[in-house]
Amino acid sequence: MSRQTLPGASAPRASCLDLWREKNDRLVRQAKGVMAQECGVRRQQLIQNILQGLKEVLLSLQGLPAAVPVLPLELTITCNFIILRVSLTRGFTEDQAQDIQQALKRVLETQERLGPGLELGLRELWDTVLHASCLLPDLLPVLHLLAGLQAAFWLSTEHLGDLVSLLQTLNGTQSRASEDLLLLLKTWSPPAAESSALLILQDARSLRDILLTASAFRQGLQELITGSLPKALSSLQEAASSMCSRSVLVQVYTALGNCLRKMGKPQRALLYLIAALKEGSVWGPLLLEASRLYRQQGDTTAELESLELLTEALSVTQAHSSKAPQVFIEVELLLTQPDPASPLHCGTQSQIKHLLASRCLQMGRAEDAAEHYLDLLALLLDGSEPRFSPPSCPPGPCMPEVFLEAALALIQASRAQDALTVCEELLSRTSFLLPKMPRLWEDVRRGTKEMPHCPLWVSAAHLLQGQAWVQLRTQKEAVSEFSRCLELLFRVMPEDKGQGAASNCEQGCRSDMTLQHLRAAALISRGLEWIASGQDTKALQDFLLSVQICPGHRDASFHLLQTLKKLNRKDEASAVWWKLKAPTQLPQEEATRSLPLYLEAYFNWIHPPDCETLLEEFQTSLAEPC
Amino acid sequence: MAGSEPRVHYLAGFSCPLGGLTSGKPRVLCHEEEVFLSTGSEFVYVYDQEGGLLTAVYQFPDQVWHLQLLALRRALYVLCARRGIYCLSLEPRRRWSSSQTSEDNKDSEASSPVITVDPEACVLPDTTLCAFTVHDDVLVALVQGPAQWKMQLFERPRPGEDCQPGGLVGEVELSTSTPPAGPPGKATVPCFLPVLCCVSPPGSKVPLGHPQGCGGFMLEKALFGLLFGADATLLESPVILCGLPDGQLCCVVLKALVTSQSAPGDPKALVKILHHLEEPVVFMGALKTEPQAEAAVESVLSCEDVYSDCLVALGHHGRTLAIKASWDKSGNLVPELREYCLPGPVLCAACSGGSRMYHSTPSDLCVVDLALGGIPLNSEQPQPDGVPGGLPPLLCPASLSICSVLTLSVLPNTPAGDTELLALSTKGCLMTCRLELSSEMPGPTRMTTENTGQKIKELLSGIGDVSERVSFLKKAVDQRNKALTSLNEAMNLQDVLMATCLLENHSDFSLDQGWTLCIQVLTSSSALDLDSAGSAVTYTIPVDRLGPGSQREVTLPLGPSESGVLDLPVTVSCTLFYSLKEVVGGALTPSDPLEDPFLEEQPLDLLPEQEGICLPLSRQTVDMLQCLRFPSLAPLCARTPCPLGPAADLVDTFLETCRAPSSEVAGPAALRAKYLPPSTASIRVSTELLRAALEDTHSGVPLCSATLQWLLAENAAVDIVRAQALSSVQGVAPDGTDVHLIVREVAVTDLCLAGPIQAVEIQVESSSLADMCRAHHAIVRRMQTMVMEQAARGSSPPDLRVQYLRQIHANHEALLREVQTLRDRLCTEDEAGSCATAQRLLQVYKQLRSPSLVLL
């Protein structure tokens, strides 16, 4: 810039171009420096300033009529601007498409191919520009870079048709044979930039490699979700073998592990997961995948351990994951955020904590389950930790159900007093939402989305409280809680079965089923208490009612059979026995599977101890003459 | 209104741009004696109420859009447009480390220094941030994405700390059907910003002294549970309420918004849409509508535990939503939801601690009470019947006679029953308004001396506000006058013919609102071409009550049209129209465009619809003879001293003299007038016929002059013609060309066997063929009428030479045939040929216009 310029005709113009050139190079060097050294808000502000500088040069260039000698500089600055902006905002937006479009129009202006008022789409613009570009060999390197950015934009916005067509044009292969995106990316070889060329933030070859990895990975994940596993395996292996950062490699390995597990190859899956672990960073989905693998293999200890690790990892990684990116446009920018359907979706810390607790409960590790549930509730209710959210994300349970599961786990772990406290807490927090008078089930259905559940939670809380009192051997309290539960449950009338059975959603069916089973559970529990206090007739009533309410439920019938036998009412007993002998077990199995966890586990408690012996005993007693 | 007379105190004035401040972005907050204020510019002012002076002015790099104060932590959070969120520490000792630009040379004690806020104070840089709220230890920000709004949750940054990207705790996209206006990244200033506020469940440990209206309030548990669900209730989680410019009202449970960093939250699970106002949401707040005493007894704990039981949201055009929890017939907890319509456009609003909501429009500050059932506050009426605790069916806003308040804040710690508002007006005036709204208002009769003194004080303080109100009204009137003036100017620029229509009610009934006077001005686009339909302009003038015997005058321009040519004759027909649709529709939504100066886009649809009653009144044709002016006759008039004459003469005379030398216009028309012989046409009428027709009115006047007077009967110059007994006049047509009318007596031979017929020849001469034709047309029209009348009287024509007549008739037939063929040829020929044809056609027309026939 300090160079003396002679008052010649061409000198000032040349110096002006040099000036812009130097500014571009200076800004690029500056951006690279900022990228390597700074972080946080300061980095963002500095990059913002550099972007401003690039924009200024670009505006002054675009203010002039497009000219062939200036075009390489102009396009280079456009590319640098786009790269930096995408890196700053961590993703592509419509702005970048407009920048690219503007650049392409400028190219066509010099070729006078752009008729006035002719509005070409991006795809047509590219076709025209690339066909014209043979006339402008100097422009080719930067056009390939711009095409790389366009490809990245189309990949991230899932315009794969446009992307394939662009690559075909770039490769000069117009044949319809090669529609394979990965193949096209591999055959694309952008011309190497000359040493004397303008400085750029990221070259076309690096973009090509990133595009290849990202496309392979995206494709693999998509195939994994749709279930075409062999294809997914090859795509993911392609991604793993191309250039990618460690964090991306961990993701790819995890997806590979998931794929192989689904293909029934647990050993190879495990190898990939171990390889991923060796890459250094602990990543949530990796641990979740490991736990799934162990679960499939039946290794509960390892499964629960990995889940425990995962909860710890999630509480730590969030603070540290703000690792500054070292490359401007990296593979991560071209990947979509994993949605709940994705094998790489891991959920929040509380969701994992809940998963861990409920797995413990399901696997019969009551002590651990109780501890985990208490941890979870403490974290949720304390509120001092702002980073903790409830696990309630469909299809997970809602908060009241978490409370009920916690109470159940506590009872299971023989901590009846704690269970009572948890139930008390639930009741005190939701009781005001209860209706004041009995009402029809149909009304409940039409109410707000959550209202139908409210009575169920409340009565379930009473049910669990009753069970806690049973454990504390306080029979009077227990019976009164069971009665209170039944009172609430019978306020809710089941709807008329005749109408609207098909139109109602699954949620409704589930609530209906839950209601039925809750009633049965409460009746059986109260009946058992009556039996314990020797009031067999009262018990008989409750068992009879529970069989009526839940005809498919075998437990109720067993209890009924036992009581009838005890009361020596043989005729009725044999009728029940015949029903029990009939091979119609399937519906019940299915029914219990769709019940909420707390209810499913509850039935384990009131399950009659040895049904088969009872049936056999009864059979022999039937054979005996009266 | 006697009871709720506001007492307005002006505190300070702040600079405001020409035309006043705009609504939406100014904010005013108060903490103890300090007032924090932003006017929508890049400054944030700190004003000390006690000392009555500015203590600090902070300058930000761009417009300030929102302020929030964390009083306990002495931190002020500022949203700066296109920059992000800044955090200022308000420690009195340790001010924010900043470069004080103007401190070097000025005494900082005397004038409050402008402190340029350091870029380091930016704790959350984001160019697309549009709204935020701070609650406890979290900061919720609303970011404008390419197609959707995005809610982001951060750990609250402290002053001087960066909001690390790791501080992002949760994120969710709000599903909006309409994407926010304007592409992202472009420097478009949104007209309406989203509104965020934080709703806490009852009993949560919100730091006390959290100023109301600063983004937070507590709701009682039934309403909270009902609105936000069991999860939020169980978790006792605060809920972020969000009102979007498209009218959507949605909520996000704060504790559920915490998401793992790898994935943003699922909108379906996290975002609940409460309502859609269908107009930009400008305010959300909460009220205590249950009677205070009752509620306090119910919860014996303490009076402070009376939580708000009603959620309100206000739209820009005044649509108001109120939600309360209530029990339905079968005992279920149901939300009671009501929409009201308040006068708009709403500039801002605020909720008092009780059941009152204040909202400001450009013309007034109003208060509504959701407990009193919207009955105006001064009228002491019992509560409306219905379920106690229900929402009032109707809201009646009571005016507080304060206009153009842009932002409001309810001051805490005011004596019970009173409310004190801090307000900023369009003109940048910061003021406090004390409102005595206690229900047990002393009657106006009990006026003691102290009262009187107080009253006078109040009146005096009221004057200040009245002046502001007056200035607002004056502005509106000025605008209207300006519009009228420019309209007038536009009309006066051209030489416009004005028509005056007088609507007079002779009936015994009065015309009420709803009637419109429709005046249709029909121009024949070319008087020569009778085939073409003329253009029509319809003016509709609403008639605002016309009593019996009263009249209304309407003046309209008749032309010239856009082409600059006045197409005479013009037919003006008047009808009265009563549009049923408009009246019925108008009754439903009365809208005065002046009441709503903020809505330019409102269509002013006054054109009558088809559905209605139509009464034709009269039809009048204006032709050339009526429009001719006679400046040559004027000097005669000017010689007689005219009282109105000299009023504007000094300037006019000067201009006149200046213009005189160069007045020879060099246009083609002038050239033609100078060098070409004028076009002429003539009509002959037998003297006998004319005498018969004119003897009633013009007896004793020479026939030629009488004829001229008859022709110009509807012209203002007729008096001069009569006074001077003129038989020829030199007039000027509206477009400025001369028109010469000559009336003379001639004798027509050859026609009658009995000898020559005495006749009167009326000759029209003009340099403009078109004007000559128009005048000729006008004369012929009059002749036609006269002949018809005379024929009805049954006068007998003299014997005529039939042979001669036949000859003339045959000639005319031939000429007409030639006209027909020439016109046909005109359509088919090329340019050169058509020119010759046109020439010939003109000649033929000329021959036709000078007939040898006489009207007998």
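A residue counts as buried if 20 or more other C-beta atoms, placed from the backbone, lie within 10 Å of its own. By that criterion 38% of the 856 residues of chain B are buried. The model is predicted: local features need pLDDT of at least 70, side-chain atom pairs count only at pLDDT 80 or more, and totals for chains, interfaces and linings use all residues. Residues are numbered from 1 along each chain as its sequence is written, with chains lettered from A and ligands numbered from 1 in the order in which they are written.

Chain B has 15 helices and 41 strands, taken as DSSP runs (H or I, at least four residues; E, at least two) numbered from the N terminus. Four of its strands form an open antiparallel sheet in the order E38-E41-E40-E39; strands pair if DSSP finds at least two bridges between them. The edge strands, E38 (679-686) and E39 (728-732) of chain B, each pair on one side only. E38(B) and E41(B) (residues 757-766) are joined over 8 bridges, and Ser679(B) stands opposite Ser766(B).

Helix H10 of chain B (residues 687-698) lies across E38, E40 and E41 of chain B, at about 75° to E38(B). Angles run from 0 to 180 degrees between N-to-C directions, with axes fitted to C-alpha atoms, for helices over the stretch in contact; contact requires C-beta atoms, placed from the backbone, within 7 Å.

In chain A, helices H9 (residues 204-226) and H10 (residues 229-241) pack at about 155°, their axes 8 Å apart. H9(A) is therefore roughly antiparallel to H10(A), a term for angles over 145 degrees.

Conventions. Buried ≥ 20, exposed ≤ 12 C-beta atoms within 10 Å, placed from the backbone. Parallel < 35°, antiparallel > 145°, perpendicular 65-115°, else oblique. Contact = placed C-beta atoms within 7 Å.
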